Amino acid sequence: MLIVGEQGGASAKAVFTGFGLAFVYAFLMKAMRFWKDTLDLKLYNKAGQGLNKGVLGGELDPALLGVGYIIGPRIASIMVAGGVLAYLVLVPAIAYFGDGLTKPLAPAPDNGKLIKDMSVSELRSNYILYIGRRRCCDRRHHQHVPSLARNLGSIWAGLRDLTGKGGGTTNGNGQRTERDLPMTVVLFGSLALVLAIALAPKLGLDLIQTTVAGIKFNWFGLIAAGLIVLLGFLFVTVSSRLTGEVGSSSNPISGMTVAALLITCLVFVVLGHNSKADMLTALTIAAVVCIASSNGGTTSQDLKTGFLVGATPSKQQWAILVGALTSALVIGYTLLALNEAGSVYSKKKEVIPDYTVPPAVMATLTDMQKAGGQYKADPLSYHVFHVGESESVDLKIPPGKYLVNDEGKIVYFVDPAINGKLDKWDDSRNVKTFKFQAPKTQLMQKIISGIFDQKLPWGLVLLGALIAITLELTGVPSLPFAVGVYLPLESSTPIFLGGMVRYIVERAGKARGALPAPESEAEMSAGSLLSTGYIAGASIAGVLIAFVAAFPDISAKAARWQYRASTLDREMSVDDAFDEGARRELDLGAGAVPPDKQEAYDKLLGEFGEVNESQLPKYVSLAPGTKLSFSQGTVVYDQSGGGSRILEKEETISSPDKSTLLGAFAGQILGDEDKAAAIYENNKDALKLPQRLPKDAVIKVPQRDMTALIASGFMVLFLLLVGLGVILKMPNQTTPTIQSDRNGY
């Protein structure tokens with residue numbers, strides 16, 4: 001990128017063209033929702049015939065397309081092969097053999113769902129991730145053995161430099177391009193960081209604890225801090241060495257993090273520390289080691305680049321320190337904002353367990369939080385109650401985060417944006433766009449709980465290890481394969497598509513007699529630069545859109561073109577309305593549906609029902625004086641026009657003294673007919689969805705797959721044409737270099 005910035009011209013044009021296209025594409029798709037962001041094709045019918053639970057699909061994300069092009073066809077193919085094994089072989093196999101079970105199958109919790117009732121994502125979470133976990137841990141460990149002596153040599157060199165006996169020039173003498181920060185700065189800076197982490201609240205590393213008996217020294221905190229220093233020093237050395245030799249793309253950060261987590265958990269278990277707080281401490285240690293290892297590798301990459309352009313290492317290192325601190329602050333708040341944008345606060349009876357938190361437990365719930373999302377107006381603060389997987393079995397309630405009032409009653413279930421399960425608010429507003437899959441976080445959780453509770457399903461873990469061994473014996477790298485197992489197949493598919501575009505470009509070049517380009521030149525090709533722009537543009541657009549999502553009204557207005565509206569010309573049943581709409585979309589006349597259209601017809605009927613979940617409650621008929629319950633924190637308007645108020649507790653409000661529809665009543669009492677869905681969800685036991693719709697009723701028409709295919713197809717075609725040199729043709733040249741003065745900065 002430094003070369004592109006200095007060179008300008010066609011190189012910079014390719015990057016910024018990709019950035020602009022991806023940014024606009026992501027904004028139109030995710031913010032304004034002009035087309036679907038995911039396409040799925042079920043390989044089974046309603047009766048489960050076919051490949052049961054098998055689903056083909058793909059995210060229409062230009063960033064993933066760019067990733068596939070950059071990593072190339074081989075790695076992209078191996079990744080999608082992992083997804084095919086996981087989601088088109090293992091998941092259907094589990095569904096087939098578990099269909100007749102009458103109780104949950106471990107490692108699913110005893111109070112969990114039966115296999116036949118699980119979704120694909122639930123099967124993945126309960127079974128597939130354990131299989132993929134072992135493959136990620138196994139891969140490349142054997143590659144560290146030959147380099148063990150070199151890594152030990154790096155550690156010894158660092159110790160020699162610390163004592164002033166090494167060969168490094170840290171005292172300001174020697175050539176400017178070999179001048180590093182003194183090791184004393186590194187040592188005392190590291191100790192200061194460990195001390196800051198130890199003093200941070202709620203991380204479990206408290207060196208000084210305040211108890212009823214007074215202030216005491218926490219030896220366990222000292223051990224935890226020692227683990228950070230020891231594991232951090234070891235893994236930073238390995239990361240730096242590997243990055244310097246083979247590049248950052250081959251740096252096994254995840255493997256080192258898993259190893260650090262395993263070592264930490266085993267030490268804690270031996271010491272008898274296996275509480276929920278100790279789990280957080282173990283995760284904190286692994287997180288610090290992970291970030292330290294990542295920064296170590298990145299620093300090596302930066303220093304290598306700086307050497308090529310004639311930079312001073314010590315000045316680079318100071319800049320890296322400033323950049324690391326700045327990015328830590330920015331990324332922390334960004335992740336919190338992303339999580340809040342996609343978090344769902346629900347009061348649905350299906351997710352609120354009938355459970356009262358005991359007073360003894362309530363006394364320990366010191367964290368307080370307000371509701372968000374559609375319940376943002378609720379002025380009260382609630383106690384935060386976390387239920388882990390092991391606790392959920394004993395308490396007989398689902399694991400997750402709950403908000404509890406002072407009486408111990410659960411008021412809200414909080415479903416996070418990261419690895420969350422709910423993609424709609426209680427008023428049926430869709431927030432699927434702001435849900436994120438993070439399989440590695442699930443991996444860490446399963447490792448910690450498995451070791452601490454000693455309930456790790458070793459059968460599935462060993463099955464994954466044997467698959468990894470099989471792959472290695474056949475010469476297939478198991479790490480990208482394991483990544484494909486971890487990622488949803490929807491994410492692997494566009495990566496594979498990007499890799500295939502790269503394959504076509506390379507084959508076309510070979511057909512023209514061009515020699516294979518070195519890796520350095522391939523990275524500077526027009527297709528690679530455009531892919532870089534795709535990744536940057538889509539990523540930045542996603543962050544900005546997530547911030548907009550924090551304001552529901554603005555987000556809803558931006559997405560008002562998501563669905564087309566169809567007004568009924570006569571009274572008819574709900575089923576007839578959906579049937580008529582589906583036939584119109586497929587250009588079908590009256591009579592039997594042709595066999596070749598049956599699958600598309602059934603899929604469209606299901607989509608009509610899904611997108612109209614928030615529409616049907618508008619046409620619920622209310623008898624005069626129907627009593628309806630409204631949640632605490634709801635903003636209600638006086639029906640006579642006397643202003644609004646916030647409900648300080650749950651209240652019952654009667655509908656007008658004449659028959660009316662729930663949508664009209666919602667417009668009067670809540671100021672918006674679309675909030676009829678929220679009233680219905682809160683009064684499901686007393687209300688029934690309509691079986692018939694009146695004349696002039698409005699139903700939503702699902703988005704067409706073709707629109708999404710055309711939009712995504714344009715991005716694929718543009719990448720292909722740029723890669724082939726039809727558009728944004730790059731000048732024939734060798735690897736560009738920067739003409740810098742090595743005696744300058």
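Biologist: Is D705 buried, partly exposed or exposed?
Modeller: D705 counts as partly exposed because its relative accessibility is 25%. Buried means under 20% relative accessible area, exposed over 50%, and partly exposed in between, with a 1.4 Å probe and protein chains only. This is a predicted model, in which local features need pLDDT of at least 70 and side-chain atom pairs count only at pLDDT 80 or more, while totals for chains, interfaces and linings use all residues. Residues are numbered from 1 along each chain as its sequence is written, and side-chain values use heavy atoms, with hydrogens and water left out.

Biologist: Which side chain meets D705 in a salt bridge?
Modeller: The partner is K603, with 2.9 Å from N to O. K603 lies in helix α23 and D705 in helix α26 (residues 705–724), so the pair ties together parts that are 102 residues apart in sequence. A salt bridge here is a side-chain nitrogen of Lys or Arg within 4 Å of a carboxyl oxygen of Asp or Glu. Helices (H or I, at least four residues) and strands (E, at least two) are DSSP runs, numbered from the N terminus.

Biologist: And how exposed is K603?
Modeller: K603 has a relative accessible area of 32%, so this lysine is partly exposed. Salt bridges that share partners join K603 and D705 with K36 and E607 into one network.

Biologist: How many salt bridges are there in the whole structure?
Modeller: The search finds 19. Side chains of opposite charge can pair when their charged atoms come close.

Biologist: Which residue does R692 bridge to?
Modeller: R692 forms a salt bridge with E571, and their closest N and O atoms are 3.2 Å apart. This pair links distant parts of the chain, 121 residues apart: R692 is in strand β18 (residues 692–693), and E571 is in the loop between β10 (564–567) and β11 (572–573). R692 counts as partly exposed because its relative accessibility is 46%.

Biologist: What about R570: which side chain does it meet?
Modeller: R570 meets D569 in a salt bridge of 3.1 Å, N to O. R570 has 41% relative accessibility and therefore counts as partly exposed, whereas D569 has 52% and therefore counts as exposed.

Biologist: Changing topic to helix packing, at what angle do α22 and α23 pack?
Modeller: Helix α22 (residues 574–585) and helix α23 (residues 595–611) pack at about 125 degrees, with their axes 9 Å apart. Axes are lines fitted to C-alpha atoms, for helices over the stretch in contact, and angles run from 0 to 180 degrees between N-to-C directions. The two helices, α22 and α23, are therefore oblique to each other. Angles under 35 degrees count as roughly parallel, over 145 as roughly antiparallel, 65 to 115 as roughly perpendicular, and the rest as oblique.

Biologist: Is the crossing of α4 and α18 left-handed or right-handed?
Modeller: The crossing of α4 and α18 is left-handed, while α22 passes α23 in a right-handed crossing. A crossing is left-handed if the near helix is turned anticlockwise from the far one by less than a right angle, and right-handed if clockwise. The axes of α4 (residues 73–97) and α18 (residues 489–511) come within 8 Å and cross at roughly 150 degrees; α4 and α18 are therefore roughly antiparallel to each other.

Biologist: Where does D587 lie?
Modeller: D587 lies in the loop between α22 and α23. Its phi is positive, about 55 degrees, although D587 is not a glycine. With 71% relative accessibility, D587 counts as exposed.

Biologist: What is phi for D696?
Modeller: Phi of D696 is near 75 degrees, a positive value in a residue other than glycine. D696 is found in the loop between β18 and β19 (698–701), and counts as exposed at 51% relative accessibility.

Biologist: Last topic: which residues make the nonpolar surface patch of about 360 Å²?
Modeller: That patch is made by L187, F188, L191 and V229. Its largest share, three residues, comes from helix α8 (residues 183–199). Patches are made of residues with over 30% relative accessible area and no salt bridge: like charges are joined within 9 Å, and nonpolar side chains (Val, Leu, Ile, Met, Phe, Trp, Tyr) within 5 Å. Accessible areas come from the Shrake-Rupley method with a 1.4 Å probe, and for residues only the protein chains shown count as cover.

Biologist: Is F188 buried or exposed?
Modeller: F188, which lies in helix α8, counts as exposed at 56% relative accessibility.
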